[in-house]
Structure formats: C-alpha cells, structure tokens
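Colleague: I have a model open and want to learn to read it. Can you take me through it step by step?

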Amino acid sequence: KYDVQLCEVLRRAQTAENTFDYTVLAPKLAEVAQPGQFAHIYVPGKTLRRPISICDIDKKNGTLRFVFQIRGAGTEQLSKFEVGDKMDILAPLGHGFTFDPNAHNLFIGGGIGVPPLFGAARQCGKNATVAVGFRNKDFVILEDDFHAAGCDLRIATDDGSYGHHGLVIDLIQDVHPDKIFACGPKVMLRAVTEFAKAHNIPCEISLEERMACGIGACLGCAVELYDENGETYMGHVCKDGPVFPAERVVF
Ligand code: FES
C-alpha cells in the first residue's frame, strides 16, 4: 500500500563523512510506513528512482527521515536537495521489521546499515540494546538519537578511534534479548545469524545494502534463500525483502 507524494524538505544536515540526514514532510506516506521499509526517491535527470531506507517515521508530525551516504551520482544528486525543495517520493516499499516494542530487542548495525534500524529501536526506547560498528570516529552516526530514545547504545570502531576497538559482535556477548534485528555488511550479518542460532534467538536481517535499482529491474540484488522445506531458490532483496528471517538467508 504505497503512494507517491511531493515532499517538502524540512531539515537537511551533513552528519558524517559523505552522509546526509533529511527530514521531509510526507503525511500520507508516514501514515502507512513501518520501520525497515524503504522509499524510492526521484533523482532529477535520472531515469530510475534511488532506493533509500527509511530511517525514522513520525506519524504525528507526518514526517519521514532518511540518512544516506553518497555512493554514486544518484545519491550525490539527492544530497543537493535543500530545505524548502520538494522531493518526489514513492513509499513505503518492501517488508519491514516485525517487532514488539515492549520486548527486549537487540539491534545490530554496521556503517550505513545503521539507519534502517533506527526507527524500530527508537520505538523500543529503553527496551532496546543497540550495538553499532563503524570504520572510524568520523563515520559514527545517530549516536545522539539513540541516546535521546533511551536505548542502551554500544559503539565499536574498526580502528579503535571511538568506542570499543573491534567488532560489534564483541559488544553483545552479555546480552540475552527476545529478538535480534541486524543490518550491515555480509560478514557481520553472518556472525549475527550464527550468534542468534547458537542462542536460539529469533532474528531478522535487512539486506538493504545489496539493492541497486530497488524495483526488480537490475537483478543486482539476487540472493539465495531457503524455502520452508530447506530447499534453496533465488529471491530478490528489493521485492522479497529487504528484511528476511535470518534462517532463510543462505550465506
Ligand atoms: Fe535491482 Fe532488486 S535492486 S532488481
């Protein structure tokens, strides 16, 4: 149940190296959007819209928030939108996270895989433990936002320039959540899936990072999945995901 809306940019900020944070007025889309879903934003001069994950949804004020990194000409063009400009947005798309905000949820994110987790974590507030990893201190994003939401936030960096020096998986060994949600690089998702399996914890992972066109046109997001009988088949992140039960993904 998606829609298209011309959405006024209410806020624009550069939050880290090549990373931009936008809030747009999109009451029709915010009303139906769920954390973990994504949007298709029209880029002036390009044929295809860019898939951008929804970072947060404010149903009361009718806004959507997007935090994205410049990855090519399309996202670079998107980062040029100024406050007052109107973005042509098609949303919400894909399957989001299934979570109970009152349960103890663990969110694990890496780099630009962190924004898709934010909306769900914010709704869980103090019930959420959040473990996020970044390349170095210049790439850390959403720290103040997770704190403001009351989440138990743990940060790791690859080079130790901020937080724990090492992997996010090191930060979660003492956590015993009801459910795990993760988004980030494939190696991280594999480690999280193994952790969840070893501890018998339900887990959902978002493969959002692996999308290119987002509409089933490039086939660049093909992913091997298990069906209910354990047989493998090829699915598409943009159409079947981006969120999958961890046990369905073949690593
Ligand atoms: Fe292009 Fe899925 S992202 S087909």
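Modeller: Start with domains. Domain bounds come from an automatic or database domain assignment. Here that assignment gives domain 1 (3-93) and domain 2 (105-205). Keep in mind that this is a predicted model.

Colleague: How far apart are the C-alpha centres of domain 1 and domain 2?

Modeller: They lie 23 Å apart. The contact takes 13 residues from domain 1 and 13 residues from domain 2. On the domain 1 side, β1 (3-16), β5 (56-58) and β6 (63-69) each supply at least two residues. That side of domain 1 divides into six nonpolar, five polar and two charged residues.

Colleague: What scores does the model carry?

Modeller: The ipTM is 0.98 and the pTM is 0.95. Mean pLDDT for the chain is 95, and 100% of its residues reach 70 or more.

Colleague: Now the sheet. In what order do the seven strands run?

Modeller: First the general idea. Strands of a sheet pair through backbone hydrogen bonds, either parallel or antiparallel. In this structure, the order is β11-β10-β9-β8-β12-β13-β16. The sheet is open and its pairing is mixed. β11 (164-165) and β16 (243-245) are the edge strands, each pairing on one side only.

Colleague: I'll pick β8. Which strands does β8 pair with?

Modeller: Take β9 (residues 128-134). β8 and β9 pair in the parallel sense over six bridges. Between the two, the chain passes through helix α3 (residues 115-124), and this β-α-β crossover is right-handed. The other partner is β12 (residues 179-183), which runs parallel to β8 and is joined to it by five bridges.

Colleague: Which residues should I click on to see that pairing?

Modeller: Phe107 stands opposite Val130 in β9. In β12, its bridge partner is Phe181. Then go to Asn105, whose bridge partner in β12 is Lys179.

Colleague: Is β8 largely enclosed or open to the outside?

Modeller: Count neighbours. A residue is buried if 20 or more other C-beta atoms lie within 10 Å of its own. Six of the six residues of β8 (residues 105-110) are buried, so the strand is largely enclosed by the rest of the structure.

Colleague: Which way do the residues of β8 point?

Modeller: Asn105, Phe107 and Gly109 point one way. Leu106, Ile108 and Gly110 point the other way. All of them are buried.

Colleague: How exposed are Asn18 and Leu219?

Modeller: The exposed class needs 12 or fewer C-beta neighbours. Leu219 has 11 inside 10 Å, so it counts as exposed. Asn18 has 16 other C-beta atoms within 10 Å, so it is partly exposed.

Notes:
Residues numbered from 1 in each chain as written. Predicted model: local features only at pLDDT ≥ 70, side-chain atom pairs only at ≥ 80, totals over all residues. Helix = DSSP H or I, 4+ residues; strand = E, 2+ residues; numbered from the N terminus. Pairing = 2+ DSSP bridges. Right-handed = clockwise from strand over helix to strand, strands pointing away. pLDDT = per-residue confidence, 0-100. Contact = placed C-beta atoms within 7 Å. Nonpolar A, V, L, I, M, F, W, Y, C, P; charged D, E, K, R; others polar.
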